Amino acid sequence: MSVYGASATRDRQAWLFGLTGPQFVLVLAAGFPTWMAIAMQKWLPLLVLLPAWGVVGLLVCLPIRGHSAFQWIGVVFRHMAGIAFGWSRFQSKAAAGDLDLGNADDPDDDGEAGEADLPGILAGIQIHDGPPMSGQTARPAIIQNHAARTWAATARVIHPGIGMSDEVDRFRMGAGLTEMMEAATAGNQIDLVVVQVRTIPDDGTERAEWVRTNARPDEPPVSASVNAQLEAMTAGAAVRHEAFVTVVVREDVINKDAKRAGRGVIGRARILYSVLAEVEARLTGSIGCSRVNWLDTSELAMAIRTGFEPGDLPALADAEIHHRDDPSIAAGVPVAAAGPTNATTAMRSYRHGEWESVSSTILLPRKGARMGALARVLVPSQPGERRALTVFYRPVSQQAADRSTGTAQMSAVMAGTLREKVGRVERAKDRQSVGKLHERDEKLERGRSLVKVASAVSITAPAGWNVQDFGRRLDASIRISGFTPLPLDGAHDAAFAVATIPLGAGLPKKR
């Protein structure tokens, strides 16, 4: 199998001894009083300033679970401020008895009553009914993020997987993904492509309905007994996989074209649809997806609801099955009631409704990883838990890629010069980092594109269980897969939203 990501480089390059630019400047600034004491020959104050400089250097440079002590102090301060001001708690309008679903048939209804009621970073999201797509009767839901000033649409995709694929098929799928990213870079309209996979507990509702419909009355008793025993043995551990692809475009990129296409939501939807058609062609082409279904408002609301409340899936599936035979039976969930009834953010977990989640980001190893290496992360360790993995692909424009590559090369050269001046031996890791930068520069010159990749994974379990133990199991699964986990303590609410809810809410551009 081929190794993918072996030529990946860090987003920011270290300058000296593994320090970034801000860390290097802070350490130098903290040592200024010490230098002054030496220059003025104040030896007694020097005995106090020198240990203080060392302590500040440790607080700035020593990583603790991926962050320095100064960063952790900021996280704790913001978390305590959120608790004091009530920002860490959420209660939906439905739980408060203030739910108005709106009336689509009433021309005087402004439609705002049916808006999504979501917590945290999803609070600024509004979901619109888009116009019908060309040649289809479906009306994909248009996701507007007021905070990030973006527009998005989500599709449920069906892919056969790569477990039984040979080397040629895997190379073709990887090349198809590369071609899609290069097309996104050339078009300069797509801001983010989000691929999300969720494993959810399967209680057998749909299978039971299928068996009830297709069972034969003349089935032999032995066959019926064997099937019943097999179902009883596997029902508790059965899981389902669902995959979503979300395409995000920026408002400042499409607003001029949207004005010429009809203004408002309609104009932006038309511009977005042209991008979706291109992405769908790539997905069903060399990438190998057998079906791409752009979700409408009701389907997207169900995806959001089952993301926050996995236990609601059996009831929603049962209502949908009976709705086909009896239209009077209500199916689905309104957008206004898609979110959790209540949510609470803790330092090391996030509770939403009757469930609790722990999330982490995944760091790509320096030597790359094999395609499909993260499959182990999606395997539940115990019946009843739910795991979700989201990968973010952010295409970088050619100008920005050239600028960042040049800056990274200058930083690498400066770091090499400083190491030579202080007498530090150049390690193989340093030479490899410089070589990857030269390789990236060569690929950009040949017309390839630069893509920023980020990944987040979340594990969800009933609130009565020990969710911290499940978080440790998740980290163990990530390490077994060859990656490095970075738990997002202090930000589990935002991490859960980007890892589990298919609304295109990505990781922040600036760290």
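Colleague: In which helix does Asp402 lie?

Modeller: Asp402 is part of helix H12, which spans residues 398–421. Bear in mind that the model is predicted.

Colleague: Which residues form a positive surface patch?

Modeller: The positive patch is made up of Arg366, Lys367, Arg424, Arg427 and Lys429. Take Lys367 as the case to inspect: this residue sits in the loop that runs between strand E13 (355–363) and strand E14 (369–370). Lys367 counts as exposed because its relative accessibility is 66%.

Colleague: On to opposite charges. What can side chains of opposite charge do when their charged atoms come close?

Modeller: They can pair. In this model a search of the whole structure finds 14 salt bridges.

Colleague: How far apart are the closest N and O atoms of Asp257 and Arg260?

Modeller: They are 2.4 Å apart, and the two residues form a salt bridge. Asp257 and Arg260 both belong to helix H8 (residues 251–261) and are 3 residues apart, about one turn of the helix.

Colleague: Are Asp257 and Arg260 buried or exposed?

Modeller: Asp257 counts as partly exposed because its relative accessibility is 27%. Arg260 has a relative accessible area of 66%, so this residue is exposed.

Colleague: Which residue forms a salt bridge with Asp312?

Modeller: The partner is Arg305, with the closest N and O atoms 2.9 Å apart. Asp312 is partly exposed at 25% relative accessibility. Arg305 has a relative accessible area of 14%. Buried means under 20%, so a value of this kind settles the class, and Arg305 is buried.

Colleague: Now the rings. How many aromatic pairs does a search of the whole structure find?

Modeller: The search finds 4 aromatic pairs. In one of them, Trp35 and Trp53 are arranged edge-to-face, at 6.1 Å centre to centre and with 90° between the planes. Trp35 lies in helix H2 (residues 32–39) and Trp53 in helix H3 (residues 43–61), so this pair ties together parts that are 18 residues apart in sequence. Trp35 is partly exposed at 39% relative accessibility, and Trp53 is partly exposed at 23%.

Colleague: What are the values for the pair formed by Phe308 and Phe496?

Modeller: That pair is tilted, at 5.5 Å centre to centre and 50° between the planes. Phe308 belongs to helix H10 (residues 297–308) and Phe496 to helix H15 (residues 492–500), so the pair ties together parts 188 residues apart in sequence. Both Phe308 and Phe496 are buried. Ring pairs also link Phe308 and Phe496 with Tyr350 into a cluster.

Colleague: What else can be read in helix H10?

Modeller: Thr306 lies in helix H10. Thr306 counts as buried because its relative accessibility is 6%. The C-alpha atoms of Thr306 and Ala338 are separated by 8.4 Å, while the two residues are 32 residues apart along the chain.

Colleague: What is phi of Asn188?

Modeller: Phi of Asn188 is near 60°, again a positive value in a residue other than glycine. Asn188 is found in the loop between helix H5 (167–187) and strand E8 (190–201). With a relative accessible area of 48%, Asn188 is partly exposed.

Methods: Residues numbered from 1 in each chain as written. Predicted model: local features only at pLDDT ≥ 70, side-chain atom pairs only at ≥ 80, totals over all residues. Heavy atoms only, no water. Helix = DSSP H or I, 4+ residues; strand = E, 2+ residues; numbered from the N terminus. Phe/Tyr/Trp six-rings, centres within 6.5 Å; stacked < 30°, edge-to-face > 60°. Buried < 20%, exposed > 50% of the residue type's maximum accessible area, 1.4 Å probe, protein only. Salt bridge = Lys/Arg side-chain N within 4 Å of Asp/Glu carboxyl O. Patch = residues over 30% accessible without salt bridge, like charges linked within 9 Å, V, L, I, M, F, W, Y side chains within 5 Å. Areas by Shrake-Rupley, 256 points an atom, 1.4 Å probe, with all protein chains shown as cover. Lys, Arg positive; Asp, Glu negative; His and termini not counted. Charge placed at Lys NZ, Arg CZ, Asp CG, Glu CD.
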